[in-house]
Amino acid sequence: MQIAPSILSADFANLQTELDRISNADWAHVDVMDAHFVPNLTLGLPVVESLLKISPIPLDCHLMIEDPDRWAPQYAEAGAQSVTFHIEAAREPVKLARALRAAGARASMAIKPGTDFAPYEELLPELDMVLVMTVEPGFGGQSFMADQMPKVRQVREAVRRHGGEIWVQVDGGVSAKTIEQCAEAGADVFVAGSAVYGADDAAAAVDELRNVAAACQH
């Protein structure tokens, strides 16, 4: 059970300090938004390159951008250890996933709440992780969508059928109250923003989330 706090909820003026606050987490989740694929603009490759130099934990870059076929491999080449592209934006997902792996990153596919997973199950052999969005991508602090749990189950069952070490990630509204549902549905990587960075002790919040999720492991 891995916890990936989202720095979208962190203090952007003090990112080094904010990363140190979550040094006990498994990943730092970095939301890259381009104001085209989603209606918000966050940070891009230059900031990620800077974060890679200072982060005590690996970076999990979630690219909510148009044309990931062109841009995503650059994040892997910069040293991001996990790079997630949205299947809704990728033109050649197999080629893209292979390029990410070739550059040394874990290749991950994200699916929005309104996107069906079934047409993309055949991509699993090319992937290291599938991210099921539990909010509409583009903004932090949204409410958790419990109606996405059947999709998490569907992905986990597909992973079992295909075999291989493919992680199932959830992102959006994950907290100590909702993480149990996600873990029971089959998720094993959890992105949490305000639930971690809104806490007085971010590291303690990470531990609590991990413990609650681990208690649900079957």
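**Entry 1: glutamate 122**

I looked up glutamate 122 and found it exposed, with a relative accessible area of 63%. My cut-offs: buried is under 20% relative accessible area, exposed is over 50%, and partly exposed is in between, with a 1.4 Å probe and protein chains only. Glutamate 122 sits in the loop between strand E5 (106-111) and E6. Helices (H or I, at least four residues) and strands (E, at least two) are DSSP runs, numbered from the N terminus. I then checked glutamate 122 against histidine 162, which is 40 residues away in sequence. Their C-alpha atoms are 9.1 Å apart in space.

A note on the source: this is a predicted model, where local features need pLDDT of at least 70 and side-chain atom pairs count only at pLDDT 80 or more, while totals for chains, interfaces and linings use all residues. Residues are numbered from 1 along each chain as its sequence is written, and side-chain values use heavy atoms, with hydrogens and water left out.

**Entry 2: more distances along the chain**

I went to valine 132 in strand E6 (residues 129-133). Valine 132 is buried, at 0% relative accessible area.

Next came asparagine 211, in helix H8 (residues 202-214). Asparagine 211 has a relative accessible area of 54%, so I wrote it down as exposed. From asparagine 211 to aspartate 171 I counted 40 residues in sequence. In space they are 18 Å apart, C-alpha to C-alpha.

I started from glutamate 77, which is found in helix H3. Glutamate 77 is exposed, at 59% relative accessibility.

How do H2 and H3 pack? Their angle is about 20 degrees, and their axes are 10 Å apart. That makes H2 roughly parallel to H3. The cut-offs: under 35 degrees is roughly parallel, over 145 is roughly antiparallel, 65 to 115 is roughly perpendicular, and the rest is oblique. Axes are lines fitted to C-alpha atoms, for helices over the stretch in contact, and angles run from 0 to 180 degrees between N-to-C directions. H2 and H3 make a right-handed crossing. A crossing is right-handed if the near helix is turned clockwise from the far one by less than a right angle, and left-handed if anticlockwise.

I then took H3 with helix H4 (residues 93-102). Their axes come within 8 Å and cross at roughly 15 degrees. So H3 is roughly parallel to H4. H3 passes H4 in a right-handed crossing.

**Entry 3: rings**

How many aromatic pairs are there? I found one. The rule: rings of Phe, Tyr and Trp (its six-membered ring) pair if their centres lie within 6.5 Å; planes under 30 degrees apart are stacked, over 60 are edge-to-face, and the rest are tilted. The rings of tryptophan 27 and tryptophan 167 have centres 5.9 Å apart and planes at 70 degrees, so the pair is edge-to-face. Tryptophan 27 lies in the loop between helix H1 (15-20) and strand E2 (28-33), and tryptophan 167 in strand E7 (residues 167-171), so the pair ties together parts 140 residues apart in sequence. Both tryptophans are buried.

I also looked for charges over rings. The rule needs NZ of Lys or CZ of Arg within 6 Å of the ring centre and within 35 degrees of the ring normal. Arginine 106 lies over the face of tryptophan 167, at 3.4 Å from the ring centre. Lysine 112 lies over the face of phenylalanine 37, at 4.8 Å from the ring centre.

**Entry 4: cysteines**

I counted zero disulfides. A disulfide here is a pair of cysteine sulfur atoms within 2.5 Å. Cysteine 182 is buried, at 0% relative accessibility. Cysteine 61 is buried too, at 0%.

**Entry 5: positive phi**

Most residues other than glycine have a negative phi. Alanine 35 has a positive phi, near 65 degrees. Alanine 35 lies in the loop between E2 and helix H2 (45-54). At 40% relative accessibility, alanine 35 is partly exposed.

Aspartate 67 also has a positive phi, near 55 degrees. I found aspartate 67 in the loop between strand E3 (59-64) and helix H3 (68-78). Its relative accessible area is 23%, so aspartate 67 is partly exposed.
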